[in-house]
Amino acid sequence: MTQYKAPLDEIRFTLFEVANLEALGNLEGFQQTDPDLVDGLLAEAARFFEQVVAPTNRDGDVVGSRRNDDGSVTTAPGFAKAYRQQVAAGWNGVAMPAQFGGGGFPWLLGLAVQEMLTSANMAYSLCSLLTQAAIDALAHHGSPQQQAIFLEKMVTGEWSGTMNLTEPHAGSDVGALTTRAEPKADGTWRIVGQKIFITWGEHDLTENIIHLVLARTPDAPTGTRGISLFVVPKYLVHTDGTLGERNDVHCVSLEHKLGIHASPTCVMSFGERTGAVGYLVGEENAGMVAMFTMMNNARLSVGLEGVALAERAYQQALDHALQRRQGRAPDALGAEPSLIIEHPDVARMLMDMRASIAAMRSLCYRNAEALDWAAQGPDEASRTRGAERAAILTPLSKAWCTDLGCELTSTGIQIHGGMGYVEETGAAQHFRDARIAPIYEGTNGIQALDLASRKLPIRDGAAVAELLAEISCTAKTAAANPNLKLAASHLEAAATATATASEWLLECFESRRADALVGAHAYLEMLALSTAGAALLDGAVAAASSSSASVAAQDFATDRAILARVFAVNRLAQVPALLAAVTAGSVDMHIARKRLLTH
Ligand SMILES: Cc1cc2nc3c(=O)[nH]c(=O)nc-3n(C[C@H](O)[C@H](O)[C@H](O)COP(=O)(O)OP(=O)(O)OC[C@H]3O[C@@H](n4cnc5c(N)ncnc54)[C@H](O)[C@@H]3O)c2cc1C
């Protein structure tokens with residue numbers, strides 16, 4: 001089985017040449033981001049995740065987590081040891097706020113570390129992912145006392161965090177949730193209700209688990225306007241930080257799933273016995289605002305799962321294609337059967353994987369970069385611009401990268417032939433693990449809705465129009481280079497078609513809502529392909545204009561040009577054709593739905 005090798009050259013290139021980590025290093029609060037230090041940190045992270053975490057991935061899949069009769073959960077072999085080492089090495093806190101003991105590095109750098117963690121073992125990485133989201137919510141909305149009690153240990157990873165939104169009748173429709181919160185005279189609350197599908201809701205990696213729970217207070221308005229956020233620790237915490245009584249929150253069962261077997265997906269019962277003690281985070285009925293802080297953070301991380309698993313699947317498929325011999329390739333010499341990589345169709349699949357992964361990585365890293373500008377930009381204008389850009393890129397990263405993650409991990413199986421379908425090679429695990437990502441943290445259908453109904457209308461479409469103008473500018477710059485001319489022409493056509501789709505959606509969203517919603521998925525695809533394609537081409541332009549005349553630099557520029565061309569002909573070229581799906585309207589869906597409902 002192929003061992004994971006962190007693609008450090010790709011990661012460094014994307015950090016510095018596609019995104020601009022160096023520029024972030026000039027912002028207040030990020031000045032410690034020195035390129036040499038970053039290099040050392042990435043190399044050390046690669047060593048850790050390759051050697052300590054990646055070897056736990058297979059056992060995680062085969063053995064998984066199990067619930068014991070007393071309600072405790074035992075994680076897969078090797079997990080607890082690897083996690084202890086991860087906490088000791090400080091990997092959890094790289095991009096966490098320095099005021100709470102974190103490294104204070106840009107989110108962009110944290111995302112690069114997270115990519116390696118996720119490729120190494122996705123099921124294991126979810127414990128840190130959810131903790132990160134919970135930290136973000138408490139850091140933005142928690143009281144100083146809550147921050148003092150919980151944040152430091154969550155930042156180190158000694159305590160983990162969870163997000164408790166989903167209930168049996170409240171999935172995408174969070175506003176339907178019924179978990180109750182009753183006020184107590186001492187200012188605390190008692191939480192009563194059941195949550196389902198709670199990732200890492202119970203486990204043996206940390207000494208405490210800090211649950212963030214959405215619930216309704218008495219007389220709260222219906223729907224999302226009546227939701228409040230509470231922090232509910234597994235063990236209550238004394239003011240001096242020591243652990244107190246066990247709280248009334250328990251894991252009542254674990255789900256059996258298609259993939260991520262090692263991630264305990266828990267049914268959680270709150271307050272079945274005495275009422276779980278909870279503390280209100282922020283204002284009553286303002287839980288949705290805090291929830292969006294958690295979810296936006298987590299949505300980019302979930303998008304990154306598509307990148308990380310496709311990368312791992314690619315490495316494994318490449319390894320197989322360099323060993324397996326079958327038939328004779330068109331230009332084969334000698335009598336020996338050819339390596340399958342010599343067959344043009346296998347080379348096509350591998351190159352499509354590589355180019356698509358580079359494009360997805362570019363999109364996600366630029367998304368993180370926008371978040372950093374939103375947080376630390378030197379003036380209001382740069383912060384607003386960063387926030388708007390991040391708002392647009394987040395549904396693209398989440399939905400496009402996770403859909404493509406499923407497709408590419410499936411391609412990885414295809415390259416293995418029958419050996420990919422049997423479990424022995426491990427290729428199937430990546431595909432099974434990848435399948436959850438389009439579903440959780442807001443399904444990809446909800447992401448398309450978010451893009452079309454909330455993000456596209458920002459400044460009456462001007463924010464998206466500015467992004468498309470930048471994409472067009474990339475195409476014009478790249479067109480001057482003969483090696484990039486083909487990719488540039490596909491990018492220009494993609495940007496033009498996406499601009500037409502944007503105008504159509506903006507125009508009909510209010511008056512023909514159903515028509516717009518049918519087209520939203522294809523629109524997300526158009527904007528994501530164009531944005532990611534432009535980022536990939538920007539990278540190719542940067543590599544081509546490198547001042548170094550060394551053979552290695554020339555070689556690298558050739559490689560980036562090939563990736564941009566492969567992505568352009570395989571993926572970008574489809575963008576203009578998607579316009580038909582955006583503007584088709586809903587009449588056929590309406591008729592078909594009626595027929596299905598009446599037959
Ligand atoms: C392994 C796993 C881990 C999870 N971890 C967590 C966790 O840690 N915390 C947590 O709170 N939840 C968690 N979830 C729950 C997850 O977020 C939900 O499953 C997800 O939000 C979808 O909700 P649902 O399952 O109820 O599907 P539904 O909401 O029933 O959706 C079914 C289908 O209908 C579509 N749909 C629904 N509403 C709309 C709409 N308004 N417009 C368009 N399409 C719509 C959806 O896109 C989907 O295709 C997890 C789920 C799984 C399986």
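Reader: How many of the six residues of strand 12 are buried?
Author: This is a predicted model, in which local features need pLDDT of at least 70 and side-chain atom pairs count only at pLDDT 80 or more, while totals for chains, interfaces and linings use all residues. Residues are numbered from 1 along each chain as its sequence is written. Strand 12 covers residues 276–281, where strands are DSSP runs of E with at least two residues and helices runs of H or I with at least four, numbered from the N terminus. Strand 12 is mostly covered, and the number of its residues that are buried (20 or more other C-beta atoms within 10 Å of their own, placed from the backbone) is five.

Reader: Which residue of strand 12 stands opposite W189?
Author: Strand 5, residues 189–199, pairs with strand 12 in the antiparallel sense over three bridges, two strands being paired if DSSP finds at least two bridges between them. Within strand 12, the residue opposite W189 is G278.

Reader: Which residue takes a positive phi in the hairpin of strand 4 and strand 5?
Author: Strand 4, residues 180–183, runs antiparallel to strand 5, and four bridges join the two; E182 stands opposite R190 of strand 5. The hairpin has five residues between its strands, and the one with a positive phi near 90 degrees is G187.

Reader: What is the radius of gyration of the chain?
Author: The chain holds 20 helices and 12 strands. Its radius of gyration, taken over C-alpha atoms, is close to the 25 Å that the globule rule (2.2 Å times the number of residues to the power 0.38) gives for 599 residues, so the chain is as compact as a globular protein of that length, with a value of 24 Å.

Reader: What percentage of the 599 residues in the chain is buried?
Author: The C-alpha atoms fill a box of roughly 80 × 60 × 55 Å along the principal axes. Across the chain, the share of buried residues is 51%.

Methods. A residue is buried if 20 or more other C-beta atoms lie within 10 Å of its own, exposed if 12 or fewer, and partly exposed in between; C-beta atoms are placed from the backbone.
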